[in-house]
Every structure is written in C-alpha cells, then in structure tokens.
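Please look over the sequence and the 3D structure shown here, and keep both in view while reading. The paragraphs that follow go from one part of the chain to the next.

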Amino acid sequence: MNSEWEFCPRCGDRLETLEAAGRLRLSCRSSCGFVHWDNPAPVLAALVELQGRIVLARNQAWAPGAFGLITGFLERDEDPADGVAREVEEELGLSTSAVSLIGVYPFARRHEVIIAYHVVASGAIVLNEELAEYRLIATEKLKAWDFGTGLAVRDWLAGRAKAGTPARSP
C-alpha cells in the first residue's frame, strides 16, 4: 500500500489493514465502513506535434536535461480527450486540432495510470509556470525511454513505422 493515512476521514477513528475486495486495504476499524481504496491517479500525457515536430518539455522540478511529454491530472467529470487538450493549452498555450489515443500505461512508481494521446497542435508556445523550457524534436530524432510516458513514445513511433509514415519532419 502506498498510503500513509492513519485516521478515517469520515469518523476520525484509526485505520487498520484489513481485507476488502480480495486485497489488504486501510479500513476504518469502527462501523462507519470507510475503505481507503488507494487507487492510482489518472494522468493525461500529450505527445504534442507542432508543425511536424514533437514538443518535449522540462518541468521546473526536473534536473537540467530531463525532458518529457506534456502531462497533467484528469479532472473530475472530464473526458480524457478534452482533458489532454486542456493540458496542452494550459502548459504550452497551444490550440489542439486533433487528438488520438496512443494507449494506457500503468506507472506503479508514481502510483498513476497514464492515458497517452497524440495531439496535433497549432500556435506559438508560451510556457506556463510549471515548465522551465522546451525542445522541438524532429520525429526521426525522437527516442523513447523505458518508463512512464516513454512507453507511449515507443508505441507511437512503432505505429508510425507500421503504417509506413515517413519519420522526416517537414
């Protein structure tokens, strides 16, 4: 379990580890019935294509040289495709003209599930306060990494190769 919860948010009693739905979960020992399911958070990832190039960005909290896809949390009652377009606009200031699902990936290290999309965007990049810098990468130079959103990059590149899409940027 990834939670550090100690007390029930409903009644304030202590939580203890009990079996619920076939797994050990933090549960209230009183009769209020609270179970902390500790489910992973849904995260949206955008492989943003801008004028035939891919946008990689560095979060302010990341080490210099560490770049990745645009990501953000899915909001309550939000369609994931709408949410990824929202994230692209919030973080890069770009408009989205097309969104297509790449895949869904477990990311146990961060206790997240990544829902990754290929997003075709337009406009001028204006970074929000979360991002330190960005790079525009020619598709033929884009390389996947072995974890998190890198798996979506891998699958997107493989899909392009299978479809016979040229790797060259215009």
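This is a predicted model: local features need pLDDT of at least 70, side-chain atom pairs count only at pLDDT 80 or more; totals for chains, interfaces and linings use all residues.

β1 (15-20) and β2 (23-28) pair in the antiparallel sense over 6 bridges, where strands are DSSP runs of E with at least two residues, helices are runs of H or I with at least four residues, and both are numbered from the N terminus. Two strands are said to pair if DSSP finds at least two bridges between them. Residues are numbered from 1 along each chain as its sequence is written, and side-chain values use heavy atoms, with hydrogens and water left out.

The pair belongs to an open sheet of 3 strands in the order β1-β2-β3, with antiparallel pairing. Its edge strands are β1 and β3, each of which pairs on one side only. In the loop between β1 and β2 sits A21, which has a positive phi of about 55 degrees although it is not a glycine. A21 counts as exposed, at 63% relative accessibility, given that exposed means over 50% relative accessible area, buried under 20%, and partly exposed in between, with a 1.4 Å probe and protein chains only. Another residue that is not a glycine but has a positive phi of about 55 degrees is D38, found in the loop between β3 (35-36) and β4 (41-50).

Around this part of the chain, the cysteines deserve a careful look. The count of disulfides comes to 0, a disulfide being a pair of cysteine sulfur atoms within 2.5 Å. C8 is in no disulfide, and the nearest cysteine sulfur, that of C32, is 3.5 Å away; C8 is also buried, with a relative accessible area of 5%. For C28, the closest cysteine sulfur is in C11 at 3.4 Å, which is too far for a bond, and C28 is buried as well, with a relative accessible area of 7%.

The structure also holds 1 aromatic pair, where rings of Phe, Tyr and Trp (its six-membered ring) pair if their centres lie within 6.5 Å, and planes under 30 degrees apart count as stacked, over 60 as edge-to-face and the rest as tilted. The rings of W5 and F34 have centres 5.8 Å apart and planes at 5 degrees, so this pair is stacked. Because W5 lies in the segment before β1 and F34 in the loop between β2 and β3, the pair ties together parts that are 29 residues apart in sequence. W5 counts as partly exposed at 39% relative accessibility, whereas F34 is buried, with a relative accessible area of 11%.

Further along, β4 and β5 pair in the antiparallel sense over 3 bridges, and L50 has R53 in β5 as its bridge partner. The hairpin of these two strands has 2 residues between them, and there Q51 takes a positive phi near 50 degrees. β5 is largely enclosed by the rest of the structure, because 5 of its 7 residues are buried. β5 is also joined to β9 by 7 bridges, the two running antiparallel, and R58 stands opposite E133 in β9.

Helix α1 (residues 80-92) has 13 residues and reaches 18 Å from its first C-alpha to its last, close to the 18 Å expected at 1.5 Å a residue; the expected span is 1.5 Å times one less than the number of residues. Within α1, the residues G83, V84, R86, E87, V88, E91 and L92 are buried, and what covers the buried residues includes β4, β5 (53-59), β6 (70-73), β7 (95-107), β8 (112-122) and β9 (131-138).

In the loop between β8 and β9 is N128, which counts as buried at 14% relative accessibility. Leaving aside neighbours within four places in sequence, N128 is in contact (heavy atoms within 4.5 Å) with E90 and E91. The side chain of N128 reaches the backbone oxygen of E90 at 3.3 Å.

Conventions: A polar contact is a pair of N or O atoms within 3.5 Å; within protein, one must be able to donate a hydrogen and the other to accept it, and residues adjacent in sequence count only if both atoms are side-chain atoms.
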